[in-house]
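Thank you all for making time this morning.

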Amino acid sequence: MLTHLVAATGVLALLTVVPGPDMAVVTRRALAAGPRDALRTVGGIATGLLIWGVLTVAGLAAVLAASPGAYLVVRLLGAGYLVFLGVQALRQNRRAACADDPAAPPTAGNPWRTGLVSNVLNPKIAVFYTGLLPTLAPPGMPAARAMSLLVLLHAALTVAWLGGYVLLLSMAAPVLEKPRVRRALGRTTGVVLIGFGLVVAVGTG
């Protein structure tokens with residue numbers, strides 16, 4: 001069982017470090033409001049994973065993954081939210097560029113809620129949890145217990161990875177706080193969020 005858990009941890013770690021919407025959302029928050037807000041966003045993302053985990057154990061995530069209509073609704077909501085965050089980032093970046101003070105303007109909204117909503121509205125997690133996680137479950141362990149363990153492991157890896165990423169951004173603050181660099185990263189983050197939203201919107205699986 002231990003060997004199986006180590007292998008499952010490796011797979012989950014590889015999936016966690018692949019850049020995606022979560023990293024873009026955290027980057028946007030770190031640039032706009034600093035590492036403290038970014039860490040709160042990470043907490044919201046982890047909470048979203050736990051919610052998906054509860055839904056998976058309860059069997060509701062499988063219903064969503066198998067229902068084209070429900071999946072489409074959640075997918076479009078998630079895509080719209082990512083596009084909204086991207087447009088908001090571009091607008092804030094533009095206002096900062098036009099202002100006398102080069103500091104980033106305050107970001108509207110609760111950072112924890114931003115992370116939570118962006119994650120809960122990602123239906124691909126339902127597919128991931130109902131499709132891949134069962135294949136990683138340790139043999140001989142009750143299904144509900146195994147899924148709960150893997151979800152907790154995934155959430156912990158996500159917090160560790162994104163938390164470390166926020167730390168790196170904080171260490172690079174002297175460079176990132178330069179107005180030209182901040183504006184360039186703000187534009188890039190906004191475009192990336194919009195791009196992820198469009199990818200989610202047109203995705204088929």
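Let me begin with the second largest cavity, whose lining residues divide into four nonpolar, three polar and one charged; please keep in mind throughout that this is a predicted model. The residues concerned are Pro 21, Asp 22, Gly 78, Leu 82, Ser 118, Leu 121, Asn 122 and Val 200. If we ask which elements give two or more residues to that lining, they are helix H2, residues 21-33, and helix H5, residues 68-98. The volume of this second largest cavity comes to about 50 Å³, and the count of cavities of 30 Å³ or more is two.

Let me now turn to the helix pair. Helix H3, which covers residues 35-58, packs with helix H7, residues 124-131, at an angle of about 50°, and the two axes are 10 Å apart. On the H3 side the contact is made by Leu 49, Trp 52, Gly 53 and Thr 56, while H7 brings Ile 125, Ala 126, Tyr 129 and Thr 130. Sorted by class, this contact of H3 with H7 has five nonpolar and three polar residues, and no charged ones, whereas the lining of the second largest cavity has one charged residue.

Key:
Residues numbered from 1 in each chain as written. Predicted model: local features only at pLDDT ≥ 70, side-chain atom pairs only at ≥ 80, totals over all residues. Heavy atoms only, no water. Axes fitted to C-alpha atoms, helices over the stretch in contact; angles between N-to-C directions. Helix = DSSP H or I, 4+ residues; strand = E, 2+ residues; numbered from the N terminus. Contact = heavy atoms within 4.5 Å. Nonpolar A, V, L, I, M, F, W, Y, C, P; charged D, E, K, R; others polar. 1 Å grid on protein atoms, 1.4 Å probe; cavity = no way out; pocket = protein on both sides within 12 Å on 5 of 7 lines; lining within 4 Å. Points joined across faces, edges and corners; volume = space filled by probe spheres on them.
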